[in-house]
Structure formats: C-alpha cells, structure tokens
Amino acid sequence: AMARLIWLCLKCIMLYSTVQAVFEDQVGKFDWRQQYVGKVRFSHFDSHVQSSKKVLVATENNVFASLNTRTGELFWRHVDKTGPEGNIDALLQHGQDAVLVVGNGRLLRSWEINIGGLNWEIVLDSGSFQSACLVGQQDTVKHVAVLKKTIISLHYLSNGHQKWIENLPESETVDYQAVYSGGNGEVYALGVVPHSHIAIVAYSLEDGEIIKQVIQMYTPWLSNIQASCSVIDQGVLTCVDSATVSLYMLDLHLQSQMTQIPLQLYVQAFLKKDDSVGYRVIVQTEDHTLTFIQQPGRVMWTREEALSDVVTMEMVDLPLTGTQAELEGEFGKKADGLMSMVLKRLSSQLILLQAWIAHLWKLFYDARKPRSQVKNDVTIENLSRDEFNLQKMMVMVTASGKLFGIDSKTGSILWRHYLNNIPSNPAFKLMVQRTTAHFPHPPQCTLLIKDKDTGLATLHVFNPIFGKKSHISPPPLPQPILQSLILPLMDQDYAKVLLLVDDQYKVSAFPSTKNVLQQLQEMASSIFFYLIDSSQGRLSGYRLRTDLSTELIWEVVVPTEVQRIVSVKGKRPNEHVHSQGRVMGDRSVLYKYLNPNLLAVVLESTDLHQERSFVGILLIDGVTGRIIHEAVQRKARGPVHVVHSENWVVYEYWSTKSRRNEFSVIELYEGMELYNSTVFSSLDRPHAPQVLQQSYIFPSSISTMEATLTEKGITSRHLLIGLPSGGILSLPKMFLDPRRPEIVTEQSREENLIPYAPELLIRTEWFINYNQTVSRVRGIYTAPSGLESTCLVVAYGLDIYQTRVYPSKQFDVLKDDYDYMLISSVLLALFFATMISKRLAEVKLLNRAWR
Amino acid sequence: MARPLPFKIAVVSSVLFIVCTNFVCCNNGRKVGDVMDTEFSGFSVPLEHSFEVDDVAKFRVRGALVLKAGREPSVSLTQSQLSEEDRTKLKDVAAVDGLYRVRVPRVFLQADRQTERQMEGYLTAFVRACAMVESHLSDVISLHTDVSGYLIGVSIVTLPGACRGTEVEDEVDLEVFNTTLSIMAPVNAPGPETALFLERMEMESEKKGKNPQEQKSFFAKYWYLILGGAIFLMVTNSAQPPAGGGREQS
C-alpha cells in the first residue's frame, strides 16, 4: 500500500511538470465566449403560461434555441447539421411541446421547451416538404399534420406515431402548399395551380378519408399560398394580391365565392413576427439584429445575430490614454521658444500627476467595496492601451455587411456600423492602413467590398476604434478589381499605401497624394504582384511600371483538365522569425529558407476517383514565378487546410486509400550556409532549398487551422486547430517536424527531437477552450500581444470565443500567486543578517586587535 | 527523399550540356527549327528569349529544346551564340536594369501525336539582364511538369545571381550560353510511415523479452530513489502547508 502511495505521489509530481492546461480558478479570467443563433426564420412566444419568459427561435443556421425575453440570453440551444440536412422547415408550438420539421421533411421532432430535451423523433416518408400544422382546438391539440408534395400524413402529438397517411389527388398538376385545420374534425390541404385556380381538399381527421374536394375559381394572380395567404379566425383564407393591392377572403367551411376587398397595403419588410397580443414584439432588421420590444418604444434587449456569420476580422491596438497622448503630442509639434516648451512640459507633467492621483483614489475607493460590486465598464471613452497591449479592438466584418468593434477583454460591443449597399454575393478584405501608433493621426482601416459576380468593388474607410466613417473619401473604382495589396510604403500622414489592380491591369493607389505617387515611381521596379485565375489555372506575375501600368513578367499555367487551384497562401506580413537557423546535434547550424514572397498553392485533382485523386502542393516564389518545390500527395482529396509560416507549410487532407485524415509538413532549409545573410532577395537566390517532408495520421477531421503569432517570434509555435466537435486544439509545431527521426540517435536526442510516431494524438489538456464549445468554427484569428509569451486568439463561427495562449508557457510573466511577501521578507532578512554579521565581525576584529 | 531524382537529372543534364556545347561549336547555322519530331521519340519546341531596352517583350528564338517523354522525362537544348548586335543590346538592357525573359510553349509530354502536344499559350520567366551579363550567360533553366506530364512552368536563374556592377568583356564572355537544364516532375509526398514504426516497436518489445534484466519492475530498480523522493516530499509537506492545486500555475 505504501508503494502505491509513493507511486501516486510520483505520478502527481510528473503530471505537475507537464500539465499546461487551464486551472479551475482561471476559467473565464482571460477568455470569453459569446453564443449566437443566426438569422431567425421562425419564432414563437411561449404563451401557454402567463409568466413564461421564453421565446423560441429557429434560424437559418439550423439552430433551434430558446431565448430569455427579459435579458435576451439563451436558455438552451441545439445546433443541427449544416446545410440542407439540418434545415429547419417548420416550427410549431403547443404548450410544453415544440414540433420541428427538419431536413426538407425528413424528420419530425418534438422538443420539451422548458429544458430543451427531445421528446421524440420520427423519420417521415420521403418527399419534398410543403407545410405543417397543428390539428385541434386551442387546448385540445392532439395531432400534427404534415403536407408534402404528394402525400399528407397525420401524427400524434404525444409520441409522433403516424395516425394515417393519404395521397393527394391530382398532385401532378396541383401544387399543394398549405395545410390547415380548425379542429372541427377536418384537415384542409390547400393547393394552387399557378396562374389558374385554387384547389382545396378536406380530409376526415379520424381516418383520412376525403370528405370534400373543391376547385375554386379563377385566381391567376396567385402562385404561392405560403407567401401571400394565411388562414385567420376559424377558417377564413385571406390572400393578398400585391399587384392590384387587393385582399381576397374565402371561408373554408362554406366555400362560398371568394370576396375581393381592395385596400391600401403598407408592408413593413423587416417585421418578422408580431405577438398576437401586440404588447411584445420581436423584430429582426435586415442587419440581422434581433430586437425585443415590450411596450411601444421600450427596447428590452437586442441580440447582434450578424455576429454568427463573421467573414473576416482584424485586431487593432487601442490608442494611448489622453494624458499619454498629450505627452506624445509634445514631441510631434514644432518647437516655438524655450519658455513655452518648458511651460508645456510642466503642464503635461501636472496633468500626468493629476491622472495618477485620480487613479490612486479610484483604486482606494474600489478596494473598500466588495469585489462583486466593482464594475469595470468599458466604454468607448475610457478605452486605452494596457501595459502589455493585451487588450485590443476586434474589428469584425459580418456577411450581412455590418461591422462591429468589440473589446477583446470583455467581449462587449463598443461600436457597430451597418453598410447598406452591400452586393448580394460579396467578398470582403479588411486592411489596417494606419495603426494607432501615429498620434495625432487617427488609426485607419479600409474595407474592400467586392461583388463576386461583377468584380466591381467599393472601399469603406473608417476609424477602427470608434467605427466612424473617415472624412477621407475613397477613390471611385469604375473597373472590376482583380487584386489589392498593402505596401509597406507610407504617405506623409503615415497611412500605408493600398494598391488596387483593375481588369485592365492598371494600378491605382489609395491614398494617391503627390508624395505617394512620387514614392511609387521610385520604387516601381521593385514592386511585384501576382494574379491568380483559377478558372484557367493561370498564375501570373506582374511588375509595376513608373507610369502605374504593369508588365507581365512570368506565367505558370496549370492545366484545368487535370487539376484546379483550390487555395493560395502567402505568409503573414507581420510575422517575425527570431532565429535564422536550427542548431543541430553536432553544433552546426541548419539555416532556414525564409522567403517572404513564397506562396503555397494547393491543387486538387478534378478526377475524384479514389485511386486517381490527388492533392498537389506547389511552392512558388511570388516575385520570380520560380517553382521552388512541387509535391503530390497521391490517393488524397480535399478539403485541404493549409498553414504557411516561417520556413514551413502544414497541410491536412483526406487520404482516400487509408480513409483517414492526415497531416503533412514541408520544411525548407538553405543548408549549412546562408547564401546572403543580410537580406533576402527573390531575384538573387540561385540555389533551390532543401526540402524535407513528413506525414502523420490525425484522428479527427478539422474545420480550420491557424498558427500562433507572437511579437518577436522567439516563442515556439503552435498550430491552433478548430475541430468539428467545437474544441480548439493547440498542437505544438514540434510534433509536426520532418526531422523527427525514425531511429533515435545521440544527435537527435541532443537536438530534442521527438522520435517519429505516425499518429498525432489529441491530448485533452491541449484544448484551449476547455468546456466552452465553439460551434461550427469557420476561422481562427491570431494576433501578437505586447508580451512575447502571449498570443491572442479569436475563434469565430456560430459562436465567438476569445482567449490567450502561451505556447512556451509564461516565461516573461510572474505567476498570479507569486509570493511577493516571501521574497521581500527573505530579502529584508538577508539584508539585516548581513548588517548584523558585519557589525559582529567588526566587533570581533576590534577585540582581536586589542588582544 | 527528394535527393536522388534531381541528382540524377543534374548528372544527365550536365552530360547533355557537354554534348550541347560540342554541338554548338560545330553548329554555326542560326536557323533552329520550329516544332519537329526527332528520331529518338523526343520532340522539339523552341526556347525563346527577349531583352529590350524599353522592356516591351519581343521574343526571338534562342534555341530548341528536345523533350523526351516517358517515365523519366529528359530534356536537352541546342542553342546558337549571341550575335554581336545582341551582345551590345544585352549590355544596354543590363545598364538600364531591364529584364531578360525566356518563354516556352505549353506542351503535353505524354501525348502521342503532334497536334495533342501543343497547347495554347506560353510559360514565361525572367531574370535581371545584369545578372545574365555578370554571370557570363551562365544560366540554370528548369522546366516543371505536373502529375500527368503537362509542362506547367519554367524558371531561370543565373549563377552567380547577384548584380554587382562588374564590367564584362563582351567578346569573350557573352558569346556562348552556359546553360544547365533540367526537367522536374512533382515529388511524391510521403504518407505516414506506419510499417517502419510497427517494425521498430516489435523489435523493441523483442529486445525487452530477451533481456530479463530489463524486465525488472520499476520499483525493483529505483526503490531507493522513490524512497528518497517520498521522504523529501514528506519533509517539505510538513514544513509548508500545501497551496491549492489551482494556484500552481504553469
């Protein structure tokens, strides 16, 4: 027993040294998560209990959720499969039950709405879903009717079992679109022959027999019952003809002639659902904001559902505080006399002192209050950079065209801006033209909005901290835009130059001041860019001419009959690499091939047969068009996820031969000596790099992948992998190293290389989001912070999750629980001990001298 | 893994290169044919170059590439000397930092018939003209094919690659091209090495089975260390109340 105990102790010690996960008391300290549901398709107020606080929503992102009407928070949420398989076709509610038709009429589900549990689920007969309704009076609903293209079926509400199923008469010609029952023993199927007439079939509730079948008069204006008609008040079918602005009514029980009532219509397009009582309104506006209004004019809460569909984002440093900026401003201005300078300095020092005292006072004041009451409300006014630049502004661009500014520390939305001229099929590219480092010039972001169909683009220039549109008017772009690139050149106001290449291969610059144009002319011969036309498989390189026209300088053509270009990945421009090489076991150095212009081009075969399909990787220099390396992964297919950084490319693919996901890593080395150690030029690197490659088995499919990024690139790199399960895995890059030896030698041990193992294991402590599942991750964004050890991570998909990661642990930060008391008391004790011993030694020496 | 193939190609191309230079010596004819079939099932395509002071590309024939399809495709080049006029022009272009461009037509190596081989368009690459001059026309041209044998790219570098502004005697150094030529097909990327790993595991377990000394349990071997550690732990534990596990931040 003793031995066992010791063994346990040892295990604990070992674990302590390796564990790198979040501890319980750190949960929510550096990270936050926001959950969204998406654009609402159906919603229902839970009205069966007077005091109910629930509203049920089913959304276009295949999410079924219950929201708190007081606060707008989620009670529960169910995320179904993406795509048409999980599509929610109908939402019906009765009492405690909510009935959903899912996947184009494939499944019928009943949910318990209090806790969100599944009551039952049944598989429906095949057929395209049209409509569903509850059958029964207000309180005695016992059945659900489901109408499909050719059949109508009735199910018990209690268990989902089918009561009867019947074919619809003349279903080839009549387009049945709606089903209705008033609860009097009849179920009506309403169909329409487009531009001709309405057909109504009445079934008996008991056995499904056809009681009546009526073909109604001429209704040429009607083609869609769901869109323009509804059944109101005990079986009166009401239809709207928007062309003649008329209202038609038809009593279903009597089947009298349809009566026409002309009226003026005012349709508020954004109104999604109105509660029957009229006191509570839930409104979805076209920017996907869900607003809950209790009494006229009183907004209870809003949910920014646009954030469930983030397309791209950037993180921008926060500005300095007013006082810091004051100090900075002093240096920016021109000197005007000694005296005024001294006065200025004194005044700014005074301001600083004042701010410091105010800060102390606040600290003292807060310390007296209990913890829970201290609120650190972040508002746009008190935004300022913290000591280590850990708090940043997240600028998020959503598919609906709404921009958000979110505080990265708390996740609160600080500004929002809706762009209302977004094309239907947009592509966005967000660029930071000027950071906050150039006070007094405001920071500046530019969003390029491109219509994918026409190629026409517009620019939106704004201040990323306040969200305000800049007073600088962007140039009009009459031609379709092929490529945009941010140059490291700056104009006199420190804004980086954005180059836009149109379909005539003409280049325009923004900003296009005289200064910029002059710089461009000087630099023209060293400005290269590439264009990719994936439909023709053409990669081409251009060089800028002094008159801002371009010349074609290289061309690589990949035949589209065999393969297609799937993605092209360059390196991130703000990436730093600290070490030029790797020290080998024998103390020699293997130099990395650090080509900043390298592009990783992913090709997938057009032939999808599992024996012949392949995934190709082309490494091309973006300046010279030189193919540095060309590899082909046979019997593999996409989707391929790629990360390209430093001197390595990591990609993930599906192996059709072994039916599993595999990772492959390519590393490029110059060799044992550098060609030119001072500067890298693509035009002068005649020797091809050495290429090393290794592959591994990965036990899960992945949704997205990104690499960590730190300020100076000293910290080791991790790969952040978004898994379909909602976890975000932080996989050390050292596991993906083509130099991992198959046979361990003294040298490889010296180098700390892990022996090769074909499988990469997923260790649970590598999940950076512990139990905070991030549903449907689509992208991961990483940004460096002011601390070298720390990388900021934002994962976005249906949810948004922000956290920090420390790939090499927090080597530059003292621990939270660092014992300042102990260290200072030890220091003090040592100090006194030396003083006393010195005194004693003196006395002793004196005594000896006397003797 | 990637070593043997380029190495072989290098050997082959250097042999070819010697052949070429010999051929060039006795070949004074400027005229190099367009696409034509040669006797050893290879076929020839023109290699064109362009260097103009105003940088508007005007391609002229530099030589003929003889491509040989097959499992291991090979390539050879016959090219003529630079004329007096071209030499001065190249130096002029180098002086204004112009480009020296080359292009080859897109071809499909594995096709049997001539008509199927030729495809529309060209593959182009460039190098700075000054680098061409300063390297005394020593260039390395590589042709890249894709999996199925389509030519997808051409690249040219000079050795040495830098432009240092050194003067070049035109008569001697700018006459003959000193070209190293290669054709490269994509490298097969390795899959996960499961077989070798399993073999190694088996070997290790066998080794363990043979050596009974190794089979001694962990405790039998290190009992004294464990005991020492335990005593040390006890001493430290009694000396200091343990801090909460959660505070032990890594």
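**Notebook: the contact of chain A with chain B**

I looked up the contact first, and it takes 63 residues from chain A and 53 residues from chain B, where contact means heavy atoms within 4.5 Å. I note that this is a predicted model, in which local features need pLDDT of at least 70 and side-chain atom pairs count only at pLDDT 80 or more, while totals for chains, interfaces and linings use all residues. Residues are numbered from 1 along each chain as its sequence is written, chains are lettered from A and ligands numbered from 1 in the order in which they are written, and side-chain values use heavy atoms, with hydrogens and water left out.

**Confidence**

I checked pLDDT, the predictor's confidence in each residue from 0 to 100, and found that chain A averages 82, with 85% of the residues at 70 or above. Over residues 12–19 of chain A the value is below 50, and this stretch has five contacts in the model beyond near neighbours in sequence. Residues 254–278 of chain A also stay under 50, although the model gives them 53 contacts beyond four places in sequence.

**Interface**

I then read the buried area, the accessible area (1.4 Å probe) that two parts lose on being put together, summed over both; between chain A and chain B this is about 5,000 Å², of which carbon and sulfur atoms give 60%.

B:Arg101 and A:Glu551 meet through their side chains in a salt bridge, at 2.8 Å from N to O.

Turning to elements, which are DSSP runs numbered from the N terminus (helices H or I, at least four residues; strands E, at least two), I saw that helix 1 of chain A gives the largest share of the side that touches chain B, eight residues. I also found strand 44 of chain A paired with strand 10 (residues 187–188) of chain B in the parallel sense over two bridges, pairing being called if DSSP finds at least two bridges. A:Ala631 stands opposite B:Val187 in that strand 10 of chain B.

**Within chain A**

A search of the whole structure gave me 37 salt bridges over all chains. I looked at A:Arg109 and A:Glu121, whose closest N and O atoms are 2.5 Å apart in a salt bridge. A:Arg109 lies in strand 8 (residues 107–112) and A:Glu121 in strand 9 (residues 117–123) of chain A, so the pair ties together parts that are twelve residues apart in sequence.

Methods:
Salt bridge = Lys/Arg side-chain N within 4 Å of Asp/Glu carboxyl O.
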